[in-house]
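Reader: Hi! Could you walk me through this model before I start working with it?

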Amino acid sequence: MNATYLPADYLPVLIQLGLALGFIVTTMLVTHNIGPKRNSQKKDDPFECGIPVQGDARTPISIKYFLIAILFVLFDVEVIFLYPWAVNFKGLGITGFIEMVLFMGLLLAGFYYVIRKGVLNWE
């Protein structure tokens, strides 16, 4: 097996990348130039599920909303790590069990910290 790679080895990848980018740029330019341009008050209005526009889109949103979203993603991703551990539970032995107990302990400590800080209290 040849362990040294020459720049010519990457030529097919570069050709495919160039063709893909060329196709994207060409498609965007052609559709922009030949597409209809009909502007009207009705067409230019923002549309949100049939609900009439109210107020400004730049109204401040409570930081609690973003904290809840970030915490959901954080704990959701951590729970994803439980699946491979459960699949390989027998193969990991006691070391894998201890590591998962430590992982769950840190996860629960973080959850306890979040609850003590009152992040999940929506007022």
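Author: Happy to; we can go through confidence, aromatic rings, surface and annotation in turn.

Author: This is a predicted model, where local features need pLDDT of at least 70, side-chain atom pairs count only at pLDDT 80 or more, and totals for chains, interfaces and linings use all residues. Residues are numbered from 1 along each chain as its sequence is written, and side-chain values use heavy atoms, leaving out hydrogens and water.

Reader: What does the protein chain average in pLDDT?

Author: The average is 85, and 95% of the residues score at least 70. pLDDT is the predictor's confidence in each residue, from 0 to 100.

Reader: And which elements have the lowest and highest mean?

Author: Helix H2 (residues 41-44) has the lowest, at 77, while helix H1 (residues 11-34) has the highest, at 95. Helices here are DSSP runs of H or I with at least four residues, strands are runs of E with at least two, and numbering starts from the N terminus. Where pLDDT is low, predicted coordinates should not be read in detail.

Reader: Good to know. How many aromatic pairs are there in the whole structure?

Author: The search finds five. One of them is Tyr65 with Phe66: the ring centres are 5.4 Å apart and the planes sit at 80°, so this pair is edge-to-face. Rings of Phe, Tyr and Trp (its six-membered ring) pair if their centres lie within 6.5 Å; planes under 30 degrees apart count as stacked, over 60 as edge-to-face and the rest as tilted.

Reader: Which residues form an aromatic cluster?

Author: Trp85, Phe89 and Phe97 form one. The rings of Phe89 and Phe97 have centres 6.5 Å apart and planes at 80°, so they are edge-to-face. Phe89 is partly exposed at 38%, and Phe97 is also partly exposed, at 38%.

Reader: Switching topic: what does UniProt mark as "transmembrane region"?

Author: The unreviewed entry gives residues 13-34, 65-86 and 92-115. Such annotations may be inferred rather than shown by experiment, and positions follow the numbering used here, with feature names shortened.

Reader: How far apart are the end C-alpha atoms of residues 13-34?

Author: They lie 31 Å apart, and that span is 100% helix and 0% strand. For residues 92-115 the distance is 32 Å, again with 100% helix and 0% strand.

How values were computed. Buried < 20%, exposed > 50% of the residue type's maximum accessible area, 1.4 Å probe, protein only.
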